[in-house]
Amino acid sequence: MGARTRGRVDGLPEWDRCAVMGVVNVTPDSFSDGGRWFDTEAAIKHGLDLVAQGADLVDVGGESTRPGAARVSEDEELRRVLPVVRGLAGEGVVVSVDTMRASVAARAVAAGAVLVNDVSGGQADPQMVPAVAEAGVPFVVMHWRGQSIDMNNRAVYTDVVGEVLTELTDSVHRAIAGGIDPARIVVDPGLGFAKRAEHDLALVAALARLRAELDHPMLVAASRKRFLGRVLADDEGAPPPPARERDAATAAVTTLAAREGAWAVRVHEVRASADAVRVVRAVQSAAEALPRTEAPAPEAPAGTQPSETKNTETEAAT
């Protein structure tokens, strides 16, 4: 499965494998790293470290989207994000901005971001789609049902895969109708957003179907999320491990996503996932190089002589 089946995103580099997007949370309350990169200089250094570990692009966000999180002001989000975007872009890093605000997206693009990653898929801010269309940059459209403060109450599905497909397709259509080039759209099934563990696992199991039916390059963002903690919790009811102890499980999902044709994975700990996507690509290359074998000819029915078989074939051909 090569780059063609993963899809190419106009306006971004083309990788010969699933890409790895490293995460830089410039927030004091991230579920994953608890404010370790809240300082601008620390955040820029961390982004450069992620690239050194194998990240192909870096996603910078200034607003926590963990369940229950309250929104920050526009001014505060700009204060957190812009210097980091500018600093990383100035070092030649391919930078994505993780925001639900059109104003932040536009100013981040002006500062050097080349991709807008909106977890609301353009729904939180009605000006987002027009702003991205005007900027002419790629846009990540994620499946979303509402703000973090109450999204757990929206995790109600009869058929999670079918409903995510329908709702995400609607968001993609809105983005295209709003002027965003279809060749610049990336889709994200929104693992962990208004979903319980069983929903997330069903979506991971259906990645091949999601990729095929959505017909756009797909970003998979499973890193350190709660459903992995639920999987790793023991049978005796011990609490799931904290977010930073879910990196091996994250790399397992990275392997599955790469194998099923994801365009990119979004992760906090880069090295293991960077290794995983390269191993998947090497195995795929080896599979592509294997000689094709023809199916064996069917055996003649018992008691049939070779000459009889030949005559039968000739008559059939006639």
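Author: A salt bridge is a side-chain nitrogen of Lys or Arg within 4 Å of a carboxyl oxygen of Asp or Glu. By this rule the count here is 15 salt bridges. The model is a predicted one.

Reader: Why is the link between D10 and R8 called a salt bridge?

Author: The closest N and O atoms of D10 and R8 are 3.0 Å apart. The cut-off is 4 Å, so the pair counts as a salt bridge. R8 and D10 also belong to a network of salt bridges together with E14.

Reader: What makes D10 and R8 partly exposed, rather than buried or exposed?

Author: D10 has a relative accessible area of 29%, and R8 has 40%. Buried means under 20% and exposed means over 50%, so values in between are called partly exposed. Both D10 and R8 therefore fall into that class.

Reader: How do you know that D56 and R17 form a salt bridge?

Author: The closest N and O atoms of D56 and R17 lie 2.9 Å apart, and the limit is 4 Å, so the pair meets the rule.

Reader: What makes D56 and R17 a link between distant parts of the chain?

Author: The two residues are 39 residues apart. D56 is in the loop between α2 (40-52) and β2 (57-61), while R17 is in the loop between α1 (3-6) and β1 (19-25). Both D56 and R17 are buried.

Reader: What separates E213 and R209 along helix α8?

Author: E213 and R209 are 4 residues apart in helix α8 (residues 207-214), which means about one helical turn between them. Their side chains meet in a salt bridge, with 2.9 Å from N to O. E213 is partly exposed at 48% relative accessible area, and R209 is partly exposed at 38%.

Reader: Why do such side chains pair?

Author: Side chains of opposite charge can pair when their charged atoms come close.

Reader: What makes a set of residues a nonpolar core, and which residues have the most contacts inside the largest one?

Author: The members are buried residues of the nonpolar kinds, joined through side-chain atoms within 4.5 Å. The largest such core has 76 residues, and V60, V116, F139 and V220 have the most contacts inside it. Helix α6 (residues 160-177) gives the most to this core, with 7 residues. A second, separate core has 13 residues, including W15, L115, V186 and A264.

Reader: How do you know that V220 is in contact with L191?

Author: Contact means heavy atoms within 4.5 Å. Leaving aside neighbours within four places in sequence, V220 has such contacts with several residues, among them L191, L207, V253 and A257.

Reader: Why is the W15 and W263 pair called tilted?

Author: The ring centres of W15 and W263 are 6.3 Å apart, and their planes are 55 degrees apart. Centres within 6.5 Å make a pair; under 30 degrees counts as stacked and over 60 as edge-to-face, so 55 degrees is tilted. This is the 1 aromatic pair that the structure holds. W15 is in the loop between α1 and β1, and W263 is in the loop between α10 (247-259) and β8 (264-267), 248 residues apart.

Reader: Are W15 and W263 buried or exposed?

Author: W15 has a relative accessible area of 15%, and W263 has 4%. The cut-off for buried is under 20%, so both W15 and W263 are buried.

Reader: How do you know which class S273 falls into?

Author: S273 has 1% relative accessibility. That is under 20%, so S273 counts as buried. S273 is found in helix α11 (residues 270-289). Leaving aside neighbours within four places in sequence, S273 is in contact with V20, T250, A251, T254 and V267.

Reader: How many residues of the whole chain count as buried?

Author: Of the 318 residues, 50% count as buried. The chain has 12 helices and 8 strands.

Note on methods:
Residues numbered from 1 in each chain as written. Predicted model: local features only at pLDDT ≥ 70, side-chain atom pairs only at ≥ 80, totals over all residues. Heavy atoms only, no water. Buried < 20%, exposed > 50% of the residue type's maximum accessible area, 1.4 Å probe, protein only. Phe/Tyr/Trp six-rings, centres within 6.5 Å; stacked < 30°, edge-to-face > 60°.
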